[in-house]
Amino acid sequence: MKAAIDLKDVAFTWQGRTRFTLTVPHLSVASGEKLFLLGQSGSGKSTLLSLICGIIQPQRGAVVVDGVNLSTLRPSARDRLRAERIGVIFQMFNLLPYASPLENILLQLSFAPERRRRLGHAQEEALRLTAALGLEDQLVLNAQTTELSIGQQQRVAAARALIGRPKLIIADEPTSSLDANSQVAFLDLLMAQAEEVGATLLMVSHDARLARHFDRTLDLTDIATTKRHTS
Amino acid sequence: MILLRLALKSLLSRAVTVSLTIFAIALSVALFLGVEKLRTGAKASFADTISGTDLIVGARSGGVQLLLYSVFRVGNATNNVTWQSYQDIANRPEVEWSVPLSLGDSHKGFRVLGTTPEFFERYKYRGGRSVSFADGVAFSDLFDAVVGADVAAALGYQLDDQIVVSHGVASFTEHDDKPFQISGALEKTGTPVDRTVFVSLEAIEAIHIDWQGGGRAQNTISADDVRQMQLTPKAVTAAMIGTNTRLQIFGLQRWINEYAQEPLLAILPGVALSELWSLIGVAESALVAVSVMVVITALLGMAAMIFSGLNERRREMALLRAIGARPWTIMLLLTTEAALMSLTAVALGMGLLYTGLWGARARIDAAFGLYIEITPPSPREWLVLGGVILAGILVSLLPAIRAYFLSLADGMQVKH
């Protein structure tokens with residue numbers, strides 16, 4: 001079975017006032033695996049996720065997602081691959097405040113025609129997902145996005161990440177804005193849905209207590225090294 | 001399509017700043033179009049100051065000068081036309097009608113024009129409109145006077161009021177021994193007629209009959225005595241001529257210009273008017289330039305608004321990138337927003353202009369004699385409106401390009 005994510009000998013340097021280099025000798029995530037990546041803020045996790053999503057390009061090494069080496073793609077093809085095969089959930093500010101919850105979910109599909117084609121009726125699928133994630137239809141259809149609680153917003157974001165059966169779900173501290181009870185509930189729902197759509201789940205968090213829900217746990221400091229140098 | 005929806009929703013979510021920006025552009029567009037309408041209206045009104053007159057004849061000077069003093073009552077004639085010459089011209093077979101004009105005196109700052117009652121039939125403006133009486137009738141008695149609308153309004157004259165004509169244009173000598181009585185007042189025309197006091201040609205002769213050189217003679221002649229005298233003028237200042245057919249105009253013009261007994265000049269009013277307008281045209285261009293700058297200012301305001309919104313929208317752009325939007329798409333989103341704003345502003349500006357025109361047209365006509373036609377935008381104006389939208393899009397490219405690079409640099413998460 002091919003790996004969902006495969007990084008070999010990757011190095012990336014942010015060119016800025018403070019240069020910051022992330023090096024990942026090796027990282028492999030099996031297809032369908034639920035991997036917990038433990039990382040404190042500043043450990044380079046956002047950089048790692050940006051590399052996997054193909055938003056930034058490593059200066060060295062290869063990032064292979066779902067069998068495709070991202071370095072061989074043109075920027076527009078990388079954006080397309082991200083839209084089609086990856087669903088992303090952030091800690092917060094997951095949604096466009098001026099679009100409705102439903103529009104936020106469907107927006108993902110407008111960048112991913114293949115995901116759109118996989119669905120019969122997009123709105124029905126969106127409502128099915130939000131219902132499975134514990135949101136009432138009325139809320140998804142009629143509420144203003146800004147009226148939703150953070151927990152509700154995270155569920156809408158999860159539905160957006162899951163819609164159209166992407167290969168990979170990337171979650172960057174998705175539960176950190178939630179209280180302890182909601183955290184577990186949210187994780188359970190997210191995992192169940194990821195399993196149902198057959199997606200690989202890569203979650204990054206600083207909260208080691210969440211690790212027990214996952215198939216495998218890695219500490220970011222074990223797989224990656226970071227170096228800060230003021231030039 | 002989704003972009004258009006997003007752009008629309010994003011704009012609606014910032015209703016206050018967006019509508020203020022749109023309103024600023026709309027006002028500038030309305031101003032620009034208004035200036036265009038006024039400009040073409042003023043030009044048309046100006047060109048229509050006198051119509052129906054084929055030639056204006058005066059002593060030889062410049063065409064514009066002759067037009068200025070005979071029609072606009074600005075400046076003075078350097079010379080007169082002798083009555084004999086005037087008669088020679090008036091009796092030409094090509095001439096259908098002629099109206100002599102005798103200028104030189106004034107009344108409280110308004111010019112006094114000695115002419116014949118035929119003037120009120122022959123003088124046409126704004127494409128053939130005739131002068132009409134608001135009150136009373138044309139002069140019939142020797143000491144009757146007709147006042148233009150501005151004169152009546154400024155000096156508060158009623159029918160049968162007595163007025164005294166001053167000698168010359170700016171002098172303290174009054175023809176107070178021979179007062180006039182107002183027999184009629186004219187409707188507003190928006191032409192120099194409004195600022196003129198009309199008396200008969202004979203009356204001009206009568207009030208000057210006991211004058212010699214620049215002053216009053218020793219033995220004066222009373223107003224009653226003068227009625228018994230021969231009052232044929234010795235000279236007139238200018239004359240309006242109408243020919244039988246338009247084909248004869250140039251032949252008659254040549255004949256007058258080559259008249260051997262006296263150096264004369266005959267001009268076509270339309271030609272002289274356009275010469276004069278080309279002198280005024282500088283102010284016209286200045287007006288257009290100012291309104292163009294106002295439009296540019298409003299568009300720059302929009303660019304500034306988009307720029308200032310960029311920082312708080314970085315998260316939004318990073319999010320769009322994360323779910324698969326290309327940097328190009330984000331640029332397009334900002335440009336679409338600007339295009340929507342410009343389009344709305346242009347439509348609103350046109351609405352403002354036409355409601356304004358519709359509401360103010362009658363008042364502008366009454367106050368300034370400026371008749372503004374309410375017509376759909378001219379091809380030139382459509383071009384300008386399209387240009388405003390295009391300029392709005394171009395101006396928004398600056399913040400859009402910045403957004404492009406920001407979204408590339410920020411990656412998935414905005415760094416703090």
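Helix α1 (residues 45–53) of chain A is mostly covered, with eight of its nine residues buried; buried denotes under 20% relative accessible area, exposed over 50%, and partly exposed the range in between (1.4 Å probe, protein chains only). Helices (H or I, at least four residues) and strands (E, at least two) are DSSP runs numbered from the N terminus. The model is predicted: local features require pLDDT of at least 70, side-chain atom pairs count only at pLDDT 80 or more, and totals for chains, interfaces and linings use all residues. Residues are numbered from 1 along each chain as its sequence is written, chains are lettered from A and ligands numbered from 1 in the order in which they are written, and side-chain values use heavy atoms, with hydrogens and water left out.

**Helix α1 of chain A**

- The buried residues of α1(A) are Lys45(A), Thr47(A), Leu48(A), Leu49(A), Ser50(A), Leu51(A), Ile52(A) and Cys53(A).
- Gly54(A) follows α1(A) and has a positive phi, near 75 degrees.

**Sheet of chain A**

- An open sheet in chain A consists of five strands in the order β6-β7-β8-β3-β9, with parallel pairing; two strands pair if DSSP finds at least two bridges between them.
- At the edges stand β6 (86–89) and β9 (216–219) of chain A, each of which pairs on one side only.
- From one strand to the next, the twist averages 15 degrees; axes are lines fitted to C-alpha atoms, for helices over the stretch in contact, and angles run from 0 to 180 degrees between N-to-C directions.
- The parallel strands β3(A) and β9(A) are joined by four bridges, and Leu37(A) stands opposite Leu218(A) in β9(A).
- Helix α8(A) packs on the sheet and touches β3, β6 and β8 (200–205) of chain A, where contact means heavy atoms within 4.5 Å. The direction of α8(A) makes about 155 degrees with that of β8(A).

**Salt bridges**

- Over all chains, a search of the whole structure finds 29 salt bridges, each defined as a side-chain nitrogen of Lys or Arg within 4 Å of a carboxyl oxygen of Asp or Glu.
- Glu195(A) and Lys34(A) form one of them, with their closest N and O atoms 2.6 Å apart. This pair links distant parts of the chain, 161 residues apart: Glu195(A) belongs to helix α8 (residues 180–197) of chain A and Lys34(A) to strand β3 (residues 34–38) of chain A.
- Glu195(A) is exposed, at 54% relative accessibility, whereas Lys34(A) is buried, at 9%.
- In chain B, the side chains of Asp177(B) and Lys178(B) meet in a salt bridge at 2.7 Å, N to O. Asp177(B) is partly exposed, with a relative accessible area of 27%, while Lys178(B) is buried, with a value of 0%.
- Lys188(B) and Asp194(B) also meet in a salt bridge, at 3.9 Å, N to O. Here Lys188(B) is partly exposed at 29%, and Asp194(B) is buried at 1%.
- Arg14(B), Arg313(B), Glu316(B) and Glu337(B) are joined into one network by salt bridges that share partners.

**Interface between chain A and chain B**

- The contact takes 26 residues from chain A and 25 residues from chain B.
- About 2,300 Å² is buried between chain A and chain B, of which carbon and sulfur atoms give 68%; buried area is the accessible area (1.4 Å probe) that two parts lose on being put together, summed over both.
- Three salt bridges are counted between chain A and chain B. A salt bridge also brings together the side chains of Lys9(B) and Glu103(A), at 2.8 Å, N to O.
- Six residue pairs are in polar contact between chain A and chain B, both at pLDDT 80 or more. A polar contact is a pair of N or O atoms within 3.5 Å; within protein, one must be able to donate a hydrogen and the other to accept it, and residues adjacent in sequence count only if both atoms are side-chain atoms.
- On the side of chain A that touches chain B, the elements giving two or more residues are α1, α2 (75–85) and α3 (101–110) of chain A.
- Gln108(A), found in helix α3 of chain A, is buried at 1% relative accessible area. The side chain of Gln108(A) reaches the backbone oxygen of Ile323(B) at 3.0 Å.

- Asp9(A), in strand β1 (residues 3–14) of chain A, has a positive phi of about 55 degrees although it is not a glycine. Asp9(A) is partly exposed, at 44%.
- Arg165(A), in the loop between α7 (150–162) and β7 (168–172) of chain A, has a positive phi near 50 degrees. Arg165(A) is partly exposed, at 39% relative accessibility.
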